[in-house]
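Please keep the sequence and the model at hand while reading.

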Amino acid sequence: MIERAFERCSVRSFADLGGVWAVDGGYAFFALERFDIERAYLVDEDHTAAVRDRARQFAQLELVSANFGAEATAERLGWVDAVILFDVLLHQVAPDWDEILELYAPRTRSFVIVNPQWTGDGDAVRLLDLGREEYLRSVPPLDLHAELFAKLDETNRRRGRPWRDVHDVWQWGISDAALTAALARLGFALVYFEDLGSWQGLERFRNRAFAFAKESR
Ligand SMILES: C[S@@+](CC[C@H](N)C(=O)[O-])C[C@H]1O[C@@H](n2cnc3c(N)ncnc32)[C@H](O)[C@@H]1O
């Protein structure tokens with residue numbers, strides 16, 4: 001997806017938002033190795049030793065340990081040619097996934113997105129609103145999810161916010177129509193789409209890839 005989008009959009013600078021868990025920055029490092037990149041950011045609240053070690057090879061890469069939903073984080077990054085959101089949009093609450101797009105839209109000319117996309121009823125569904133039973137029928141079968149409804153209003157100390165608003169759990173069902181409409185409102189057109197198949201066998205999600213580019217007005 002990085003190859004397809006970066007070639008189409010002639011990317012020389014990028015921000016990989018939430019690029020750490022399970023992949024230790026692998027997508028950002030791939031982009032740095034494969035393309036001629038002048039400036040890059042890897043933003044995550046949970047950087048790892050493996051990321052810090054590998055980052056030393058790339059002088060043009062800055063590791064940013066922060067919430068990428070904060071206005072101050074977006075300001076710190078400034079302009080980038082591409083914003084990468086791989087498997088992060090459906091986790092975003094306060095600000096919500098569409099507010100994250102709004103925050104970065106004036107600061108980039110392309111969004112490269114891979115996301116488990118909602119194929120159930122409704123366009124953009126806050127999954128917790130489905131209630132415990134339907135929530136658990138929709139999302140991956142993790143202990144984290146099974147235990148969530150017993151502590152929704154308790155503070156998650158690591159994130160400093162109630163459990164109902166943490167990005168560690170699945171939060172949103174975002175349909176293709178909702179994603180495309182949100183980006184169209186912000187002046188971005190779909191330039192690449194790929195259906196990557198089912199998402200770990202879940203009935204109500206498909207793994208899908210999108211590249212959006214700013215329309216010239
Ligand atoms: C589900 S993992 C996805 C990891 C990787 N991008 C991938 O596709 O495999 C979500 C990652 O984003 C980070 N993350 C999610 N929301 C964040 C936020 N608002 N600010 C900073 N990091 C966030 C998490 O710490 C985690 O590393």
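## Basis of the description

A residue is called buried when its relative accessible area is under 20%, exposed when it is over 50%, and partly exposed in between (1.4 Å probe, protein chains only). Helices (H or I, at least four residues) and strands (E, at least two) are DSSP runs, numbered from the N terminus.

The model is predicted, so local features need pLDDT of at least 70 and side-chain atom pairs count only at pLDDT 80 or more, while totals for chains, interfaces and linings use all residues. Residues are numbered from 1 along each chain as its sequence is written, and side-chain values use heavy atoms, with hydrogens and water left out.

## Helix α2

Helix α2 spans residues 26-34, and Ala28, Phe29, Ala31 and Leu32 in this helix are buried. These residues lie on the same side of α2, because they cover an arc of only 160° around the axis; the arc is that of the directions from the helix axis to the C-beta atoms.

The cover over the buried residues of α2 includes the helices α1 (2-9) and α3 (49-55) and the strands β1 (13-17), β2 (39-43) and β3 (61-64). Contact here means heavy atoms within 4.5 Å.

## Nonpolar cores

A nonpolar core is a set of buried Ala, Val, Leu, Ile, Met, Phe, Trp, Tyr and Cys residues joined through side-chain atoms within 4.5 Å. The largest such core has 48 residues, of which Leu101, Tyr104, Phe111, Ile113 and Leu179 touch the most other members. Helix α5 (residues 97-104) supplies the largest share of this core, five residues. Apart from this core lies another, of 28 residues, among them Phe6, Leu32, Ala55 and Ala213.

Beyond its neighbours within four places in sequence, Leu179 is in contact with Leu89, Trp97, Leu101, Ile113, Gln117, Ile174, Phe210 and Phe212.

## The chain as a whole

The chain has eight helices and 11 strands. Its radius of gyration is 17 Å, close to the 17 Å that the globule rule gives for 217 residues, so the chain is as compact as a globular protein of that length. This radius is taken over C-alpha atoms, and the rule is 2.2 Å times the number of residues to the power 0.38.

Buried residues make up 51% of the 217 residues. Among contacts between residues at least 6 apart in sequence, 70% join residues at least 24 apart.

## Asp53

Asp53 is located in helix α3 and counts as partly exposed, at 45% relative accessibility. Asp53 and Ala70 are 17 residues apart in sequence and 26 Å apart in space, C-alpha to C-alpha.
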